[in-house]
Amino acid sequence: DEMDVDTIWMDGEFVDWDDAQVHVLTHGLHYGSGIFEGARCYETERGPALFRWEEHLERFYDSAQPYEMDIDYSAAELTEATLELIQRQDLSSCYIRPVAFYGYNSLGVSPEDCPTRTAIAAWPWGAYLGEDALQNGIDVMISSWRKHASSQVPTNAKTTGLYVNSLLAGEEARRNGYAEALVLNKEGNVAEGPGENVFLVRDGELYTPGLSESILDGITRDTVITLAEDLGYTVHDNVSISRGELNTADELFFTGSAAEVTPIRKVDNVTIGDGSRGPVTEDVQSRFFEVVERRTDEYDDWFEYV
Ligand code: PMP
């Protein structure tokens with residue numbers, strides 16, 4: 001049912017899924033010069049609702065900035081397009097993928113004279129790492145590939161080309177029987193997953209690598225920091241986490257718009273805590289789902305109703 005969708009918004013128009021095509025000499029295909037977002041729309045008692053859409057759009061425009069990419073559509077236009085895309089396809093909950101990239105013109109590395117193309121797709125997408133993962137957690141492998149350093153590329157921009165690193169790390173982990181990778185930064189400290197931020201729990205307090213650790217400034221990371229603090233936890237969100245701290249953590253979990261809040265039960269065959277979803281993770285995770293499914297009126301300003 002993943003493909004129970006037939007429409008894509010592309011450069012200002014709704015087009016049939018099969019017609020959402022680009023030229024093979026598209027700049028972004030050759031040089032990874034695209035930026036994208038991944039957001040979710042949740043089914044709530046007030047109908048489908050985009051979660052933290054404003055923040056995703058803000059990051060979308062921020063990601064374009066280092067590449068001097070002018071997106072031809074305003075935030076209001078992209079929001080209207082997304083809401084209509086969801087309505088037209090009658091989706092209740094879905095994943096939303098806005099993308100902007102340099103299109104076809106000349107094939108020099110300079111994107112000068114290449115048009116900026118913009119598209120949005122939305123489709124039903126369940127738990128990214130599987131339903132079982134949310135409940136029981138996953139095993140992760142420390143990748144032999146290090147994360148790009150923020151001195152080499154803007155790691156806080158969600159750039160398509162950067163995801164070759166995520167692909168390498170994730171596939172290496174899966175070849176070795178793990179569900180996902182955990183990637184260290186150039187300094188050898190814990191950075192993040194291929195598409196997730198990571199949290200560590202020790203003595204009832206939460207720790208997550210700071211923004212200077214070459215990570216993406218995750219919106220779910222921010223959501224979890226807010227929710228955990230509101231639940232009364234202390235959150236250390238501007239720290240370095242050494243590799244060795246993973247082994248002695250009480251709990252570990254991933255966060256992401258796709259991965260939501262996914263417990264980690266093993267790192268490289270070392271069991272974390274008692275090898276199942278820990279109590280703090282469970283507390284934060286259940287609060288997260290209570291909020292995104294809008295079973296509470298708090299945090300209503302995080303929603304954009306379809
Ligand atoms: N890090 C990376 C590399 C990612 O791709 C993602 C997914 N966008 C995240 C972290 C989590 O970010 P968010 O919570 O905003 O989805």
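Analyst: Helices (H or I, at least four residues) and strands (E, at least two) are DSSP runs numbered from the N terminus. This is a predicted model, in which local features need pLDDT of at least 70 and side-chain atom pairs count only at pLDDT 80 or more, while totals for chains, interfaces and linings use all residues. Residues are numbered from 1 along each chain as its sequence is written.

User: Which residues of H5 are buried, then?

Analyst: Ala169, Gly170 and Ala173 are buried in H5. They cover an arc of only 95 degrees around the axis, which puts them on the same side of H5; the arc is that of the directions from the helix axis to the C-beta atoms.

User: What covers the buried residues of H5?

Analyst: The cover includes strand E8 (138–142) and strand E9 (180–184), and contact here means that the C-beta atoms of two residues, placed from the backbone, lie within 7 Å. Just after H5, Gly177 takes a positive phi of about 90 degrees.

User: Switching to H8, what span should it have?

Analyst: Helix H8 (residues 279–292) has 14 residues and should span 20 Å at 1.5 Å a residue, and its end C-alpha atoms are 20 Å apart, which agrees. The expected span is 1.5 Å times one less than the number of residues.

User: And which residues of H8 are buried, and which are exposed on the other side?

Analyst: The buried residues of H8 are Val280, Thr281, Val284, Gln285, Val291 and Val292. They cover an arc of only 125 degrees around the axis, which puts them on the same side of H8. Pro279 and Ser286 are exposed on the other side of H8. The elements covering the buried residues of H8 include strand E4 (39–44), strand E11 (197–202), H6 and E14. After H8 comes Arg294, whose phi is positive, near 55 degrees.

User: New topic: which residues are closest to the ligand?

Analyst: Leu216, Gly218, Ile219, Thr220 and Ser257 are the closest of the 13 residues that surround the ligand, and a residue is near a molecule if its C-beta atom, placed from the backbone, lies within 6 Å of it. Helix H6 (219–230) and strand E14 (251–256) are the elements that give two or more residues to this shell, and H6 gives the most, with 3 residues.

User: How do the residues of that shell divide?

Analyst: They divide into 2 nonpolar, 8 polar and 3 charged, counting Ala, Val, Leu, Ile, Met, Phe, Trp, Tyr, Cys and Pro as nonpolar, Asp, Glu, Lys and Arg as charged, and the others, Gly among them, as polar.

User: Last one: what about the chain as a whole?

Analyst: The chain has 8 helices and 17 strands. Its radius of gyration is 19 Å, close to the 19 Å that the globule rule gives for 306 residues, so the chain is as compact as a globular protein of that length; the radius is taken over C-alpha atoms, and the rule is 2.2 Å times the number of residues to the power 0.38. Of the 306 residues, 43% count as buried.

Conventions:
Buried ≥ 20, exposed ≤ 12 C-beta atoms within 10 Å, placed from the backbone.
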